[in-house]
Amino acid sequence: MTTTSVDAKAPGGARVGIQRFGSFLSNMILPNIAAFIAWGLITAFFIPTGWTPNEDLAKLVGPMITYLLPLLIANQGGRLIYGTRGGVVASIATVGVIVGTTIPMFLGAMIMGPLAAWIMKQVDRIWDGKIKAGFEMLVNNFSAGIVGAILAIAGFFGFGPAVQWLSGLLEQAVDWLTQLGLLPLLSLLVEPGKILFLNNAINQGVFTPLGTQQASQAGKSILFLIEANPGPGLGLLLAFTFFGVGMARASAPGAIIIQFLGGIHEIYFPYVLMKPLTVIAVIAGGMTGVATNVVFQSGLRAPASPGSIFAVLLQTASDSYVGVILSVVLSATVSFVVASIILRASRKRDLENGGGDLGMAIAQTEANKGKASSVLGNLQADGVAAGGGLVDEGDAAAFDRKPIHSIIFACDAGMGSSAMGATVLRNKIKKAGIDSVTVTNSAIANLTDDVDLVITHRDLTDRAKLMSPNAVHVSVENFMNSPKYDEVVHLLEGEGVR
């Protein structure tokens, strides 16, 4: 019996492990996307081949990609492991890796940053609780400085050259695929990987660092568009809009807005899971988009995150608009045609069966993700999200004990879903005429205990309570459309705000 249980869990365990690894990589990259965008804009405008060449301002490009971006990534990775202290030591150690190499050290930062923070954490455990009163600051500062210096030296002589060799190996593999015209075959892995939420490890761990390195040399990279192209998802959703049945057809037009304009690709994953054969459509669309960019030698200056058409166009290199736009249009067209053929072939059977179980597909998508999704709840029938009142009666009573002036939406990365939820509640509070409450979003790891109310997904509430034990905690199942927001506003209108 035990053997059977282990065998059953092994595949899922491997998948979950890859998902967590990819999520960790994303949490290092996504908070720093603004810096990538800034670097891309400065590059686009001021380098000799840019829109408005400026020799003096072009001097910003090199230091930003060599030092700023890797150090931001390393600092974020260190913070994820060991807070501010880990971020500082991670930055110190990564400087050694940067100086010891001749290429932008994104891979090095993504490895050395968390590693240095973890080492610092283990070192601190050696004398935890053993320092005499009054010497804590002295010991903490010098230990961090010594560990950081040692790791910087190790990075300079050993770690940096090793990562540079690895980066070169990966770059050669990409060049080999490009020369043989095989780069579109990556869609065979990337598109199904997106459905299973396994793509972050490849996208953030390989495409982003290698693409940024290519962009620093050539001003653009095709690698930024392999996963971020919104065309395949658009074509699939258009096919469901015209040829789907039941709830899938009714919800597809709204999903298009979220996917194509908002850049949240996971909104179309349940449609593929509901009709698995349509994965062929998104693969064909993805391969078409990559092939188009190969033919036109087009690419983006920096990562497009989220994968919205607006982000893609903003990051498109000045000589690549034709290729990039065609890659989106053609990939959407191919995906639409293939998906339409599949849907029409089974339309009669789907009508007899009630159009498939979109709710089950949403549940499977969330199971693949490893947690509930803040956007998939909008696909439920009638747009009704699950959820009830406050976490419990004790939390509701907290409104009577203290005024609520600060509300924070918290999720893993502090972006995306929490930002959308904060916008929704902020608008509701504004319409209610309440101007004494601030609503912001944050990563759970960055929560403090001076906030009045914290809103999280129900799977994350326990973690949030550990970070902010004195706050009122509200759990939701859908950040975009939860009835609990109205309850919060009602309480704020009453005696909650003083």
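Helix α5 contributes five residues to the lining of the second largest pocket, the most of any element. The structure is a predicted model in which local features require pLDDT of at least 70 and side-chain atom pairs count only at pLDDT 80 or more, whereas totals for chains, interfaces and linings use all residues. Residues are numbered from 1 along each chain as its sequence is written, and side-chain values rest on heavy atoms, with hydrogens and water left out. Helices (H or I, at least four residues) are DSSP runs numbered from the N terminus, as are strands (E, at least two).

**Second largest pocket**

- The second largest pocket holds about 320 Å³ of space. A pocket is an open set of points on a 1 Å grid over the protein atoms alone, with protein on both sides within 12 Å along at least five of seven lines; a cavity is a set of points where a 1.4 Å probe fits but cannot get out; lining residues have an atom within 4 Å of a point. Grid points are joined across faces, edges and corners, and a volume is the space filled by probe spheres set on the points.
- The second largest pocket is lined by 15 residues, of which Thr178, Leu183, Gln214, Ile222 and Gln297 are the closest to its centre.
- Two or more residues of this lining come from each of α5 (136-179), α7 (199-218) and α12 (279-296).
- The lining of the second largest pocket comprises five nonpolar, seven polar and three charged residues. In this classification Ala, Val, Leu, Ile, Met, Phe, Trp, Tyr, Cys and Pro are nonpolar, Asp, Glu, Lys and Arg are charged, and the others, Gly among them, are polar.

**Glutamine 297**

- Glutamine 297, one of the residues closest to the centre of the second largest pocket, lies in the loop between α12 and α13.
- Glutamine 297 is exposed, at 61% relative accessible area. The classes are buried (under 20%), exposed (over 50%) and partly exposed (in between), with a 1.4 Å probe and protein chains only.
- Most residues other than glycine have a negative phi. Glutamine 297 has a positive phi of about 50° although it is not a glycine.

**Largest cavity**

- There are three cavities of 30 Å³ or more, and the largest cavity has a volume of about 60 Å³.
- The largest cavity is lined by Glu191, Ile222, Leu225, Ile226, Asn229, Pro232, Gly286, Gly289, Val290 and Asn293.
- Helices α8 and α12 are the elements that give two or more residues to this lining, and α12 gives the most, with four residues.
- By class, the largest cavity is lined by five nonpolar, four polar and one charged residues.
- Leucine 225, one of the lining residues, belongs to helix α8 and is buried at 3% relative accessible area.
- The C-alpha atoms of leucine 225 and glycine 299 are separated by 7.0 Å, although the two residues are 74 residues apart along the chain.

**Salt bridges**

- The structure has four salt bridges, each defined as a side-chain nitrogen of Lys or Arg within 4 Å of a carboxyl oxygen of Asp or Glu.
- Aspartate 319 is in the loop between α13 (309-315) and α14 (321-345) and lysine 220 in the loop between α7 and α8 (224-228), so the pair ties together parts 99 residues apart in sequence.
- Aspartate 319 is exposed at 55% relative accessible area, whereas lysine 220 is buried at 18%.
- Aspartate 486 and lysine 428 form another salt bridge, at 3.2 Å, N to O. This pair links helix α20 (residues 484-496), which holds aspartate 486, with helix α18 (residues 417-431), which holds lysine 428, across 58 residues.
- Aspartate 486 is partly exposed at 45% relative accessibility, and lysine 428 is partly exposed at 30%.
- Aspartate 56 and lysine 59 meet in a salt bridge at 4.0 Å, N to O, and both residues are exposed.

**Nonpolar surface patch**

- Tyr67, Val95, Val99, Ile153, Phe156 and Phe157 form a nonpolar surface patch with about 590 Å² of accessible area together. Patches join residues with over 30% relative accessible area and no salt bridge: like charges within 9 Å, nonpolar side chains (Val, Leu, Ile, Met, Phe, Trp, Tyr) within 5 Å. Accessible areas come from the Shrake-Rupley method with a 1.4 Å probe, and for residues only the protein chains shown count as cover.
- Helices α3 (61-99) and α5 each supply at least two residues of the nonpolar patch.
- Phenylalanine 156 is located in helix α5 and is partly exposed at 34% relative accessibility.
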